[in-house]
Amino acid sequence: MLVPLALALAAVQVCHVEDARYALRDEPTVTASFYPVDSGNDWPAHVALAINFGETGRTYWWLPASGGSNNLQYIVSTTDVTLPEWLPPSPDGGERPLGEMEYIGADADYNIIDDIPQMGGIAPAHMLLTSLGDRTWHWSTTQRDSAPKQFFDLIGCASDN
């Protein structure tokens with residue numbers, strides 16, 4: 001009896017936030033992944049979310065942020081975290097090309113994870129960013145990306161390799 005249980009537990013793989021890869025349901029060319037960043041004390045998640053629109057090749061960067069007393073979670077737009085001169089914005093200001101939007105993470109059973117994704121934490125199985133399409137369409141009149149209001153689903157983990 002213990003052998004089948006042990007085999008079943010071994011088959012359950014934990015994917016850490018920084019290893020997770022996602023695709024937008026109904027539009028799988030829109031992908032997301034977390035990238036480790038030295039974001040300092042003001043941004044304690046120490047990851048940035050990269051959302052890539054495959055058709056245009058544009059990537060938008062976001063920092064997870066807790067809403068505090070309003071009990072909501074957010075992602076705050078930032079500049080490209082892979083650039084050598086990147087610095088995290090001040091929590092009270094700084095460049096936010098697309099503003100901020102509510103972030104909702106869920107486990108495989110769609111139970112809400114009431115926290116932001118953090119470096120070393122367990123990756124959510126699903127993420128919902130209800131205003132992503134609005135943010136990426138209306139921020140510029142010359143560079144527009146479209147995204148349906150839909151879940152990002154976990155499609156892979158770097159530890160799968």
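Start by selecting the largest pocket, which has a volume of about 210 Å³. (A pocket is an open set of points on a 1 Å grid over the protein atoms alone, where a 1.4 Å probe fits, with protein on both sides within 12 Å along at least five of seven lines; lining residues have an atom within 4 Å of a point.) Of its 13 lining residues, colour Q13, C15, I122, A123 and L154, the closest to the centre. The lining divides into 10 nonpolar, 1 polar and 2 charged residues.

A word on what you have open: this is a predicted model, where local features need pLDDT of at least 70, side-chain atom pairs count only at pLDDT 80 or more, and totals for chains, interfaces and linings use all residues. Residues are numbered from 1 along each chain as its sequence is written, and side-chain values use heavy atoms, leaving out hydrogens and water.

Next, show L49, I51, L129 and F152, the residues with the most contacts inside the largest nonpolar core, which has 27 residues. (Such a core joins buried Ala, Val, Leu, Ile, Met, Phe, Trp, Tyr and Cys through side-chain atoms within 4.5 Å; buried means under 20% relative accessible area with a 1.4 Å probe, protein chains only.) Strand β3 gives the most to this core, with 4 residues. For a second, separate core of 10 residues, pick W61, L63, A65 and V76, which are among its members.

Finally, click on Q73 in strand β5 (residues 73–78). Q73 counts as buried because its relative accessibility is 7%. Its side chain joins that of D114 in a polar contact of 3.4 Å (N or O atoms within 3.5 Å, one able to donate a hydrogen and the other to accept it).

How values were computed
Helices (H or I, at least four residues) and strands (E, at least two) are DSSP runs, numbered from the N terminus. Buried means under 20% relative accessible area, exposed over 50%, partly exposed in between (1.4 Å probe, protein chains only). Grid points are joined across faces, edges and corners, and a volume is the space filled by probe spheres set on the points. Ala, Val, Leu, Ile, Met, Phe, Trp, Tyr, Cys and Pro count as nonpolar, Asp, Glu, Lys and Arg as charged, and the others, Gly among them, as polar.
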